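Here is a short tour of one structure, written to be read with the model open beside you.

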Amino acid sequence: MKIQAINGFKDILPDSVVRWQHIEQRARDIFERFGMQEIRMPILEKTELFVRSIGEATDVVEKEMYTFADKGITMRPEATASIMRAFIEHGLHVQQPVQRLYTIGPMFRHERPQKGRLRQFHQLDAEIIGAVEAQVDAELIAMGQMLLDELGLSVSLELNSLGCPVCRPPFKERLVVYLERISTGLCEDCRRRTHTNPLRVLDCKKPTCRELAQDAPSLLEALCPDCDRHFHEVEEALTRLGIGFSRNRFMVRGLDYYTRTTFEFLTTDLGAQAAVGAGGRYDGLIEQLGGPALPGIGFAMGMERIALLLEQQGDAGLPAVGADIFLAALGPETIAPCSLLAHLLRREGVRAAMDYSSRSLKAQLKQANRQNARFTLIVGTDELARQQGTLRNMASQEQRPVDLSGSAAEQCQRLLRVLRA
Ligand code: ATP
Ligand code: MG
């Protein structure tokens with residue numbers, strides 16, 4: 001029996017890797033413009049880290065974690081908790097009061113696999129730790145928007161506030177009263193959530209729950225003065241930066257650690273998988289995990305969803321990849337000189353491809369095209385005897401003789417001049 005990859009775990013094949021590298025390069029470039037530094041953490045963490053940060057009564061912790069039953073260890077379902085663990089463990093705030101960190105890598109959640117939803121998926125994750133100002137929220141959101149813009153994706157931005165330990169608990173009580181009143185109309189999950197995690201009822205995707213949530217009290221109207229000011233400052237700052245958004249008072253993120261600002265970048269082009277990225281503030285999290293009382297804000301973007309969107313719109317903006325030159329060695333005697341030339345060209349930074357099989361010119365030109373070569377250097381046995389080769393421009397099909405006299409190093413320098421012209 002053939003062994004295949006596990007359901008929900010996917011290979012990323014060479015043709016698609018181009019897209020992934022493009023996303024990563026754009027992300028690194030833009031994140032670094034914002035002063036972010038990369039951090040890399042292990043994939044396995046103590047289960048308790050996620051239970052204490054994400055929250056016991058969340059879908060992620062209740063149903064989606066890959067946990068090794070006998071070891072108290074979990075494959076990370078998201079990056080923020082791990083970054084906070086590393087931040088605390090290494091006392092990063094001592095070196096620099098405001099830390100701007102990003103990471104790129106795989107996350108694991110046991111969900112039903114479908115388009116844009118996998119069990120191993122990849123996130124671009126960015127966090128700013130130690131800054132409480134609303135300007136910082138706007139800057140981080142602007143960074144996410146800039147990345148999606150530069151990738152050529154059109155998304156909408158939704159914004160909400162989840163308040164703080166001052167205004168959220170009394171709001172929750174009012175919400176529970178409301179939810180109990182309408183409980184017969186709610187789905188089974190939401191009836192349970194009414195008591196475990198009532199805010200989550202607000203963003204249930206089931207039509208009847210949505211309908212009933214319309215009349216629920218709004219946290220945006222119940223924010224304490226500090227949270228209210230913060231929310232308005234974020235809105236003003238976003239407007240100043242020219243970033244469009246809309247309020248969504250029903251947005252409740254799936255992780256319990258959020259406070260104040262939460263946001264999502266949404267697409268209408270991926271069916272049910274609408275969220276390309278999402279994030280928010282988590283001002284109590286670091287202290288809750290045993291670290292200093294520092295605020296933070298971050299987001300995570302789903303790379304599978306970004307890659308799907310890029311593919312759906314024809315991969316516009318993807319850099320062309322391929323060989324600079326293909327060396328077509330046409331006889332057994334030509335293999336050795338061509339392979340030396342290819343080696344020297346590669347040492348000069350040239351992407352040089354070659355075939356060692358002495359196949360026909362036709363077959364090798366086909367291969368050169370498959371490798372997207374810009375030029376092919378054709379070297380036949382007779383030509384080689386005359387210290388000559390033929391350089392073919394693969395796009396225009398124009399051919400011209402090239403001088404292959406002198407040492408291999410001299411031939412290489414001559415070819416470089418042509419390639420760099
Ligand atoms: P969703 O509502 O789609 O389940 P989420 O709220 O669980 O998303 P977050 O935990 O905020 O997602 O993760 C941030 C981003 O990571 C999402 O916006 C999405 O693009 C991506 N993501 C989350 N879960 C998956 C998954 N199982 N497969 C692929 N991408 C995912
Ligand atoms: Mg989810």
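## The shell around ligand 1

The shell around ligand 1 is made of 5 charged, 4 polar and 6 nonpolar residues (Ala, Val, Leu, Ile, Met, Phe, Trp, Tyr, Cys and Pro count as nonpolar; Asp, Glu, Lys and Arg as charged; the others, Gly among them, as polar). This is a predicted model, in which local features need pLDDT of at least 70, side-chain atom pairs count only at pLDDT 80 or more, and totals for chains, interfaces and linings use all residues. Residues are numbered from 1 along each chain as its sequence is written, chains are lettered from A and ligands numbered from 1 in the order in which they are written, and side-chain values use heavy atoms, with hydrogens and water left out.

Which residues come nearest to ligand 1? Of the 15 around it, they are Arg109, Glu111, Arg117, Leu118 and Arg253 (a residue is near if one of its heavy atoms lies within 4 Å). Strand 6 (120-129), strand 10 (275-281) and strand 11 (296-302) each give at least two residues to this shell, and strand 10 gives the most, with 4 residues. Helices (H or I, at least four residues) and strands (E, at least two) are DSSP runs, numbered from the N terminus.

## Two positive phi values

Now look at the backbone in two loops. Most residues other than glycine have a negative phi. Aspartate 315, however, has a positive phi near 60°; this residue sits in the loop between helix 12 (303-312) and strand 12 (325-329). With a relative accessible area of 21%, aspartate 315 is partly exposed (buried is under 20%, exposed over 50%, partly exposed in between, with a 1.4 Å probe and protein chains only).

Asparagine 372 also has a positive phi near 60°, and belongs to the loop between helix 14 (361-370) and strand 14 (375-379). Is asparagine 372 buried or exposed? Asparagine 372 counts as exposed because its relative accessibility is 52%.
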